[in-house]
Amino acid sequence: MPETLSAAPQSFDDLLSEAAVQTPTEFYNRLREQEPVYWNPRWNGWIVTGYRDVMAGFRDHERLSSDRFAGPFAKDMADSGSRYRQLIDFMNHWMFTKDRPYHTHLRSLVNTAFTPRSVEVLRPRIQQLTASLAESLRGRDRVNLMAEFAFTLPVIVIAEYLGIPPESRENLRAWSDDLGAVVFFQGGNQDRFETGGKAMEQLAELIRPIVRDRARNPREDLISGMVHAELDGDRFLEDEIISNVVLMVFAGHETTMNLIANGVVAFDRFPGEWQRLADDQGLARTAVEEVLRYDGPIRALARWAREPFELSGRRIDTNDRVLLVQHAANHDPTFFPHADRFDVGRWPNKHLAFGQGIHTCVGAPLARLEAQEAFAYLAREFSAVEVLTPDLRYSRNLVSRSLLGLEVRLHER
Amino acid sequence: MSGPAPERPRATVDHDLCAGIGQCLLEAPGAFRFDAEGMSTFDPHGPWTETAVRRAADACPMAAISVTTDG
């Protein structure tokens, strides 16, 4: 149902407004109803909110570029690059900032490590970690869910998988926050390149000796795999490996943390769905897909047009910026029946939370595994994870749907 | 009638899962191609080997490919 518009016409131009950041479902539902492909003069680009258009946009990597070092996003990089050399050089090796063919080369470094079959070996460890972390939350009046569970589980898993000492995890969190401010277009943060640059330097300082050590003494970890990877004679530069280890650290916990936290909030609003999952643990798989659809960790991703084309009757010109709003697509009622309902049994559920096409999240199978085990365990053990934070606040940025804090109480069955 | 030899396996791609990543096209180029919507489809008559098709199924990040051998 379309909601009643308030007396004052709502502006769709400030994507970092209170309404857009705090209540994106309502904000983007209104925009989709009015103009599904909308020219936003303030962002200086197109805002795409309909499911089919967002899907088509992700699939069209030929015309919609991800390259941050060419086209309309390149200026930011060039301006910052002169001052923050290492940050920009390393981001230049991140697969999601590149097009083919370099993208294919970078992705081949890690894609076999994150297939469903490969990450399956981590399941016992994820189950053990979930149980031991949740145990320490039992019987307490207030728990900081982000710091004590949602962050801790994925960061330990990815650090161990890569071969980084987990003791550094508090540093990893701080550095990842600083990198996130750069990657997610954080609003009102003028120093984001400064702090992001320092974080990148410190991460490289931590990782470089590990990479060099594994070159001589390979172990059963992913960094060793990356150092010794050779595909069709294609080898990788040390800086390519380091920057992609940084990317795996950062992307490997930040988004999964938000997936778990956003899921806890969704279940708090739909307690009947929590009970359904508790009664039928086989629903863990579809339940996690529904969390991804309903309130996934990524709101939107940006592209730019390499050539002109039409999208739902609007002409996109060369060099136009295009924002593909996954959160909006995932609530499109013309694609998802009862889109506003959180239904843990929903299937099929072809949400766009991980993107689509060649840039689809490489870590999706690991994120799914972690979230499935976490929610299955919590629903089995606790009758509710009650949200205590009265006014949930989300990070003011374009890309990630990230709670600034989440306090909960776990109720015994 | 020309068809796959009976001992050749058959792959199916679940389009509710396929995300159009294209990993299978890299692993088994003769077996998979994109349709008009960018979904991977299996070509039973293509120049592929069983090893490559099984490797593609294992490599699919969405676990969208299943391989069966007709009895």
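Among contacts in chain B between residues at least 6 apart in sequence, what percentage join residues at least 24 apart? In this predicted model, the share of such contacts in chain B that join residues at least 24 apart is 60%. The chain contains two helices and four strands, and these elements of chain B follow one another from the N terminus in the order β-α-β-β-α-β. Chain B has 71 residues, of which 32% count as buried.

In chain A, helix α14 (residues 238-269) and helix α18 (residues 364-381) have axes that come within 10 Å and cross at roughly 35 degrees, and the crossing of α14(A) and α18(A) is right-handed. On the side of α14(A), the contact is made by Thr255(A), Thr256(A), Leu259(A), Ile260(A) and Gly263(A), while α18(A) contributes Ala367(A), Glu370(A), Ala371(A), Ala374(A) and Phe375(A). Classified by residue type, the contact of α14(A) with α18(A) comprises six nonpolar, three polar and one charged residues.

Elsewhere in chain A, Phe58(A) is placed in helix α3 (residues 51-59). Phe58(A) counts as buried because 26 C-beta neighbours lie inside 10 Å, where 20 or more are required for that assignment. When residues up to four places away in sequence are not counted, Phe58(A) touches Leu324(A), Leu352(A), Gly355(A), Gln356(A) and Gly357(A). Phe58(A) and Gln326(A), although 268 residues apart in sequence, are 10.0 Å apart in space from C-alpha to C-alpha.

Definitions and conventions:
Residues numbered from 1 in each chain as written. Chains lettered and ligands numbered in written order. Predicted model: local features only at pLDDT ≥ 70, side-chain atom pairs only at ≥ 80, totals over all residues. Buried ≥ 20, exposed ≤ 12 C-beta atoms within 10 Å, placed from the backbone. Contact = placed C-beta atoms within 7 Å. Axes fitted to C-alpha atoms, helices over the stretch in contact; angles between N-to-C directions. Left-handed = near helix turned anticlockwise from the far one by under 90°. Nonpolar A, V, L, I, M, F, W, Y, C, P; charged D, E, K, R; others polar.
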